[in-house]
Amino acid sequence: MLHLAQKIASFFMAKKLIPAKDYEWAVYGLQRRLLAAIFYPILFSIGLLVSDIHSTIVFFIIFTSLRHRVGGHHAPSAIRCLVNSIFIVLCGLLLYPQVTAEWPTIVHSLVGVTSCIVLGMAGPCNDPHVAMTPQELDRNRKRMRLELIVLVAFFGVFSLFTWGTKSCKTAAAAVTLAAGMLIAGKIQNGGFTHEQE
């Protein structure tokens with residue numbers, strides 16, 4: 001995948017569509033997009049195998065959106081990334097619902113809100129591969145906080161209705177796993193106080 005991303009980036013650079021100084025950034029971005037085009041259909045299919053379509057869609061929307069805003073742990077290879085991603089899908093759509101089957105909706109909402117607070121206090125993670133500028137990091141932090149406010153409101157409203165149980169449970173799993181990935185990313189990048197910003 002890296003080789004293909006390099007070839008595409010080199011082509012764009014030769015056509016003067018990207019400046020030479022942005023080559024590494026373009027390779028990284030292209031590699032992520034190519035992997036997503038392969039991984040997402042696989043992961044979504046696994047989600048449908050272990051859960052229903054409603055939960056799978058809710059999980060993917062919330063987890064993916066948060067992951068883009070807060071960042072977190074990145075695997076050292078594409079295969080490890082796929083394995084980790086499969087593990088996340090299985091934890092969110094199979095393990096969490098089984099372990100918490102007897103929990104009332106309000107507990108799922110509390111788990112979700114607590115994870116939102118963790119994300120709001122610790123995020124986002126500035127991965128060295130992305131190396132966001134302070135302005136980009138600040139913009140991402142503002143978008144992340146807006147999304148977290150929407151999620152806290154979601155947990156507050158959906159916990160009031162019995163029909164909201166499944167959505168609260170799935171959202172809580174997604175937010176909790178996003179928080180776990182953020183913490184793992186902070187540790188991977190040298191800890192909470194040594195991260196490059």
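This is a predicted model: local features need pLDDT of at least 70, side-chain atom pairs count only at pLDDT 80 or more; totals for chains, interfaces and linings use all residues.
Student: How many disulfides does the structure hold?

Tutor: A disulfide is a covalent bond between the sulfur atoms of two cysteines, and the criterion applied is a pair of cysteine sulfur atoms within 2.5 Å. The sulfur of Cys116 is too far for a bond, because the closest cysteine sulfur, in Cys168, is 11 Å from it. Cys125 is in no disulfide either, since the nearest cysteine sulfur to it, that of Cys81, is 15 Å away. The number of disulfides in the structure is 0.

Student: In which helix is Thr105 found?

Tutor: Thr105 counts as buried because its relative accessibility is 12%. Not counting residues up to four places away in sequence, Thr105 touches Phe158, Ser159, Gly164, Thr165 and Cys168, where contact means heavy atoms within 4.5 Å. Helices here are DSSP runs (H or I, at least four residues), numbered from the N terminus. Thr105 is found in the helix that spans residues 105-122, namely α5.

Student: How are α5 and α7 arranged relative to each other, roughly parallel or roughly antiparallel?

Tutor: Axes are lines fitted to C-alpha atoms over the stretch in contact, and angles run from 0 to 180 degrees between N-to-C directions. Helix α5 and helix α7 (residues 165-188) pack with their axes 8 Å apart and at an angle of about 30°. Angles under 35 degrees count as roughly parallel, over 145 as roughly antiparallel, 65 to 115 as roughly perpendicular and the rest as oblique. The arrangement of α5 and α7 is therefore roughly parallel.

Student: How many charged residues does the contact of α5 with α7 have?

Tutor: The crossing of α5 and α7 is left-handed, a term for a near helix turned anticlockwise from the far one by less than a right angle, with right-handed for clockwise. Residues that make the contact include His108, Val111 and Cys116 of α5 and Lys169, Ala172 and Lys186 of α7. By class, Ala, Val, Leu, Ile, Met, Phe, Trp, Tyr, Cys and Pro count as nonpolar, Asp, Glu, Lys and Arg as charged, and the others, Gly among them, as polar. On that scheme the contact of α5 with α7 has 12 nonpolar and 7 polar residues, while its charged residues number 2.

Student: What is the relative accessible area of Cys116?

Tutor: Cys116 is one of the α5 residues that make the contact with α7. Cys116 is described as buried because its relative accessible area is 3%.

Student: How many nonpolar residues are there in the contact of α5 with α6?

Tutor: α5 and α6 pack with their axes 9 Å apart, at an angle of about 170°, which means that α5 is roughly antiparallel to α6. Among the residues that make this contact are Gly112, Val113 and Cys116 of α5 together with Arg145, Leu148 and Phe155 of α6. The residues of the contact divide into 1 charged, 5 polar and, in the nonpolar class, 9.

Student: At roughly what angle do the axes of α3 and α6 cross?

Tutor: Helix α3 covers residues 53-70 and helix α6 covers residues 134-158, and their axes come within 9 Å. The angle at which these axes cross is roughly 150°.

Student: What value is phi of Lys16 near?

Tutor: Lys16 is found in the loop between α1 (2-14) and α2 (23-50), and it counts as exposed because its relative accessibility is 73%. Its phi is a positive value in a residue other than glycine, near 60°.

Note on methods: Residues are numbered from 1 along each chain as its sequence is written. Side-chain values use heavy atoms; hydrogens and water are left out. Helices (H or I, at least four residues) and strands (E, at least two) are DSSP runs, numbered from the N terminus. Buried means under 20% relative accessible area, exposed over 50%, partly exposed in between (1.4 Å probe, protein chains only).
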